[in-house]
Amino acid sequence: MKKTVILAHSLALTFGLAYQSAFAAVSAEQAKQLGTSLTPMGAEMAGNADGTIPAWTGGLPKDAGSRDAAGFLSNPFANEQPLFTITAQNVAQYQDKLSPGQLAMLKRYPSTYKLTVYPSHRSANAPDFVYQAAKANATKTSMIEGGNGLANFSTAVPFPIPQNGLEVVWNHITRYRGGSVKRSHIQATPLANGTFVPVHFKDQFTFRDRVADFDPANPGNVLFYYKQLVTAPAREAGNVILVHETLNQVKEPRMAWIYNSGQRRVRRAPQISYDGPYPASEGQRTADNLDMYNGAPDRYDWKLVGKREIYIPYNSYRLDAPDLKYADIVKPGHINPDLTRYELHRVWQVEATLKPGERHIYSKRIFYIDEDTWQISLADHYDSRGTLWRVAEGHIGPMYDLQIPWLGTEALYDLINGRYIVSGMRNEEKEPLQFGFTTGTAEYTAAALRTSGIR
C-alpha cells in the first residue's frame with residue numbers, strides 16, 4: 001500500500017511561531033504574497049510539479065458559457081473525455097490520491113461506486129471586492145474568544161494565509177457565496193433500494209453586508225441570515241426554519257426558530273445546532289452537516305494536517321444539468337456515478353477531534369478543503385468508537401458568469417445503514433437562482449415566519 005503523501009505546507013511557520021501567532025493576523029510582508037505567489041484568495045498560484053494541477057490564471061471568464069431562463073449554466077467542459085475511472089478493482093493504483101472515505105465507499109459499493117477523473121481546471125474566481133477584502137483581512141482579522149469568534153473581519157475569507165486548522169475552517173464558514181441568494185431545490189433520503197420522496201425547499205440566505213441597514217462601523221454579531229421553507233410533501237409543507245448565524249456563537253449562540261404550519265406556531269429551536277437532527281432529514285444529517293460543515297467550532301480541537309493532492313468533485317455542471325430528472329441522480333447507495341466529475345486539486349486537510357467533556361455524535365471529522373474556494377469538498381465522520389461512519393461529498397460548480405464559487409449538490413453517505421441524504425438538486429426546478437440582492441432584517445424576524453409559511 002502506498003503511503004499517503006501529505007504535501008509540505010509551503011507557508012508553514014515553525015510550531016513555536018505558529019503557536020505564538022495562533023490568534024493573530026499575518027504581517028504586511030506576508031500579505032504581499034496575495035496576488036503574486038498566492039492567488040488573491042490564498043491558494044498557490046503555481047501548478048504542481050508534474051503538471052497534473054495547472055497554475056491558476058484567473059478562473060473561468062464570465063463568457064465561458066451561457067445561462068438559460070431557469071438559471072442553468074452551460075457546461076464549458078462538456079466535450080472533454082475522462083482521463084480514467086477509479087473502481088474497486090483498480091483502486092490500489094490511486095489510493096494515495098483518495099481520502100479514507102472514498103476508499104470506504106469503493107469497498108462498500110464495489111460494483112457501483114466509481115470516480116471518473118477528468119483534466120483539472122482551476123475554474124473558480126470571485127469579484128475584485130472580495131479579493132480586496134481578503135487581502136485587508138489578512139493583516140487585520142484575528143480570532144477571539146479562544147478561536148470561537150472573529151475580530152476586524154469584512155466580507156469573506158478572514159485568513160487567506162492560514163496558520164492553523166481553525167483558521168482554515170473559518171475560511172470555509174465565511175467564504176464568498178454571492179452575498180445573498182434565493183433558490184428552490186430538493187432533498188432526498190432514499191431507502192437502501194433507492195426509492196425516495198423528494199422534499200422541496202425554498203431557501204433564502206443574506207450575508208450581513210447585503211442587509212440594507214447594515215452599519216460597517218457597528219457590524220454587530222450576526223454573520224448571516226438564513227430562511228428555509230418546505231413546499232412539499234404535504235405533511236411538511238409550510239414549515240419554516242429561520243437562523244441568525246452569529247459570528248461568535250459562544251458569546252451569543254446561534255438564534256433559530258421553527259414555524260410549524262400544522263400548529264401555526266413559532267418556537268425557538270436551539271436544537272438546530274451541533275449534532276441536533278436537521279428537520280426533514282430522517283435522521284441522516286445533523287444540523288452542522290449542512291453545507292458540509294457549519295456553526296460554532298468550540299466543541300472540537302482543530303489540527304492542520306497540511307496540504308494534499310486529492311481527487312475531489314469539481315466542475316460538476318453535468319450533475320446540475322436541466323435535462324436530468326431527480327430519479328436519474330438518486331440511486332441505491334449513492335448518487336449516479338455516471339453523472340459525477342472528479343479532478344485532482346490541492347486541498348487543506350484539517351482534522352477535528354472532540355474535546356474532552358464535550359458531546360457530539362461525531363468524535364472526529366476530517367475535512368478536505370479546496371484551496372481555490374475554501375469550500376469543504378470531502379468530509380469523513382467518525383463515531384464514538386473511532387469507526388468511520390459517514391462520508392460527505394460536495395460537488396463544486398462555479399457560477400462563472402457571476403464569479404461565485406458555488407456548492408451545488410452535497411451528499412452524505414452512511415456506511416453502516418446503507419442510506420444517504422442528498423440535497424441542493426435543482427434539475428427540475430423552473431425558478432432561477434437569484435444572487436446579490438439586498439434585503440432588510442424585517443424579512444428575517446420570528447414574526448415574519450408565519451407569513452412565510454402560509455400554505
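Visitor: Why is Arg341 called buried?
Guide: Buried means under 20% relative accessible area, exposed over 50%, and partly exposed in between, using a 1.4 Å probe and protein chains only. Arg341 has 7% relative accessibility, so Arg341 counts as buried. One caution: this is a predicted model, where local features need pLDDT of at least 70, side-chain atom pairs count only at pLDDT 80 or more, and totals for chains, interfaces and linings use all residues. Residues are numbered from 1 along each chain as its sequence is written, and side-chain values use heavy atoms, with hydrogens and water left out.

Visitor: What makes Glu80 and Arg341 a salt bridge?
Guide: A salt bridge needs a side-chain nitrogen of Lys or Arg within 4 Å of a carboxyl oxygen of Asp or Glu. In Glu80 and Arg341 the closest N and O atoms are 2.6 Å apart, and the pair forms a salt bridge.

Visitor: How do you know that Asp291 and Arg175 form one too?
Guide: Their side chains meet at 2.6 Å, N to O, in a salt bridge. Asp291 and Arg175 are both buried.

Visitor: Asp383 and Arg385 also meet in a salt bridge; is Asp383 buried or exposed?
Guide: Asp383 has a relative accessible area of 7%, so Asp383 is buried.

Visitor: And why is Arg385 called exposed?
Guide: Because its relative accessible area is 65%, Arg385 is exposed. The N to O distance between Asp383 and Arg385 is 2.8 Å.

Visitor: How many salt bridges are found in the whole structure?
Guide: The search finds 23 salt bridges.
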